[in-house]
Amino acid sequence: MVPDVVSDGSGTTTVLEPGETGELAQPVDLARAVPLSGDRRRQHEAALPDHVDTLLGVITRSARRLLNLDVAYVSLNRPDGSAYICASEGETTALAVGRDAAGGPSMGSLAQESQLPVWSADYLNDETVPHSPAFDDVVRAEGLHAVIAVPLCHGESAFGALHGARREAHHFSPGEVDVLTCLADLAMADIERASLLGQIRDEFAEPEHEKSRTRATLTRVRYLWEAHARLGGLVLDGAGLQTVARAAADALDGVLEVRDPGGRPLTAVVELPGVDEEAVTKAAFEAHTNRRPVGLPGDIWVSPMTAGAEDLGVIVLRAAATLTGEDLRLLHLAAQSIATLLLLQRGTAAAEGPMHDELLHDLLNGPHRSEVHLSERARRLGIDVEAPHVVVVARPEGGDLGKAVAWASSYAYRMAGLKGVCRGCIVFLLPGADASVAGRTVSGGLSPLLGHPVSIGAAGPANSAVSVARVYEEAVRCLDALTALGGTGSTASLQELGFLGLLLSADHDVDTFIRSTIGPVLDYDTSRLTDLAKTLEAYFESGGSPTHAAEALHVHPNTVARRLERITDLLGPQWQKPGPVLEVQMALRLRKTRGVLNEMRRTSGQLKEPRRSKGPEPTGTAG
């Protein structure tokens, strides 16, 4: 079996960040990347700064957690060609920090030579991968089987490798390889910062007239390091996309927007007005082709977000001032930090998916469950089902349900909602009170991704755990109504279906239907003491004739004409078209019928009132 080689990790990141000025006095172990003399190379060989060790430790822990690895460690090369372990997690035997890594041919050396991730599903039984006796002994001692190595490279230079292993045979998926590659990119960025520390320190040895330039460079380097360290810390601490995007915008002193591969905004610190979308689309293609930020007029920059060979989208920045070379490095690193966050969120969503899916399944069968139990389960998953939520049911009309489900998982995670699959459709439970907006948003994300229409029914809001099932059934009825009416590929909610939505609704909310249809007319009558609603009734009863309506109302035809103009101002010019006019007539009839029923109920109550007395009938004499 030939070792698997997946994504090209050599071009995904650029050496960008320097290190902290407070550690300039410490020797830096990565002097091989700096053209130093022999004495100076030995001076910088001792060890990595503490902050690099700490970050590499966090990266190995993250790799174990996200990929369910038993062992993870980082090995770095020395200038003489040997290697040592600088961070490890999960070991039980000899993979100690500071220990020399196995020399000679190995999977790590193969990964660095090819600058590509390589792995073996069962290392000790795989004769086609490089073996070294020392590493084989460690694998046996640890009881490992599946082993993967991702190179730490920049350009043509290899600095080491990020390793992961499991104690059972396992074929690593492309997604797992991409996550490990992205973590390796973070490690590489911090290692390069340490290398740049050595360069800055050497500049202090230049003649006196160069020192001011060096100090200015050092100040800028410190700012850039702090900014990227802040972004990396937010990502590894599990901050949300909005938080990381805002931190990146602050660091770059601009307005920033994160977009998915289809160009749709995922989050925006502030809206970007007046952007030439066609130019941004072309710049995004060029940015991903060349793997670097691309500038546009008006200090607008488009930087790619990548993980291996996967396109995760772009960030669009409108800078307050012209960006320097260091700013562009930070822009690229900010894009990679956000790409890492998206991958980590995807991994978290996949890990938590079964619990979320099971909760949604139980909510959809709410009448048979304990409301207190469902609410508590939702609370533990960070979802408040007592707050307004809408249900969206999406049916891809051209297949690709698996691709749609993958998008739905990521979208539901970002929106702090739930997703599931039921009856061949994707079901969303999303925070919010406007089902129409939620349905259109899901359609706008799914249809371009799949390349074919998606039929969507939406309903809500639900305000309790047990009401989710009712709202779900209403959304399904909306979807069925779309199909029956020949509206396949469209989006509809109860509100958008008008009187048909009233019939489909489980609670037949007549008040809401009347208010949404003729509410402005009723409000105008109340505030101005006019008779627009009565004029509408007469207009429809006369077959749409203003003259006959005027006769029924005992007013001049011009008065009816002016009232109809006022009604058009209130309801809009579309109210007399076939669909809306039918809804207006139904709303008027419902209002009139309800008024008659209320009057009958009031009159009936008055007639029955004397019978409530339990005493004898009064007489006209005193006995």
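**Helix packing, sheets and buried segments in a predicted model**

Helix 17 and helix 18 are roughly perpendicular to each other, a term that covers angles of 65 to 115 degrees (under 35 counts as roughly parallel, over 145 as roughly antiparallel, the rest as oblique). The structure is a predicted model, in which local features need pLDDT of at least 70 and side-chain atom pairs count only at pLDDT 80 or more, while totals for chains, interfaces and linings use all residues. Residues are numbered from 1 along each chain as its sequence is written, and side-chain values use heavy atoms, with hydrogens and water left out.

Two packed helices are described by the angle between their axes and the distance between the axes. For helix 17 (residues 546–553) and helix 18 (residues 557–571), the axes come within 8 Å and cross at roughly 110°. Axes are lines fitted to C-alpha atoms, for helices over the stretch in contact, and angles run from 0 to 180 degrees between N-to-C directions. The meeting residues are P546, A549, A550 and L553 on the side of helix 17, and P557, V560, R563 and L564 on the side of helix 18.

Helix 16 (residues 532–541) is mostly covered, with eight of its 10 residues buried (under 20% relative accessible area; exposed is over 50%, partly exposed in between; 1.4 Å probe, protein chains only). Those buried residues are L532, A533, T535, L536, E537, A538, Y539 and F540. After helix 16 comes G543, which has a positive phi near 75°.

In the protein as a whole there are 19 helices and 16 strands, taken as DSSP runs numbered from the N terminus (helices H or I, at least four residues; strands E, at least two). Of the 623 residues, 48% are buried. Among contacts with a separation of 6 or more, 64% join residues 24 or more positions apart (contact: heavy atoms within 4.5 Å).

Strand 2 (residues 71–77) is largely enclosed by the rest of the structure, because seven of its seven residues are buried. V71, Y73, S75 and N77 point one way from strand 2, whereas A72, V74 and L76 point the other way, and all are buried. Strand 2 runs antiparallel to strand 6 (residues 157–166), with six bridges between them, and V74 has L162 of strand 6 as its bridge partner. Strand 2 is also joined antiparallel to strand 3 (residues 83–89) by six bridges, with Y73 opposite S88 of strand 3. Strand 2 and strand 3 form a hairpin with five residues between them, and G81 in the turn has a positive phi of about 100°.

Within strand 6 lies A165, which counts as buried because its relative accessibility is 5%. Apart from neighbours within four places in sequence, A165 is in contact with L69, D70, V71, L144, A146 and V147. The C-alpha atoms of A165 and A121 are separated by 9.5 Å, although the two residues are 44 residues apart along the chain.

The structure holds zero disulfides (a disulfide is a pair of cysteine sulfur atoms within 2.5 Å). For C425, the closest cysteine sulfur is that of C422, at 7.9 Å, which is too far for a bond. C425 is buried at 8% relative accessibility, and C153 is likewise buried, with a relative accessible area of 7%.

How values were computed:
Two strands pair if DSSP finds at least two bridges between them.
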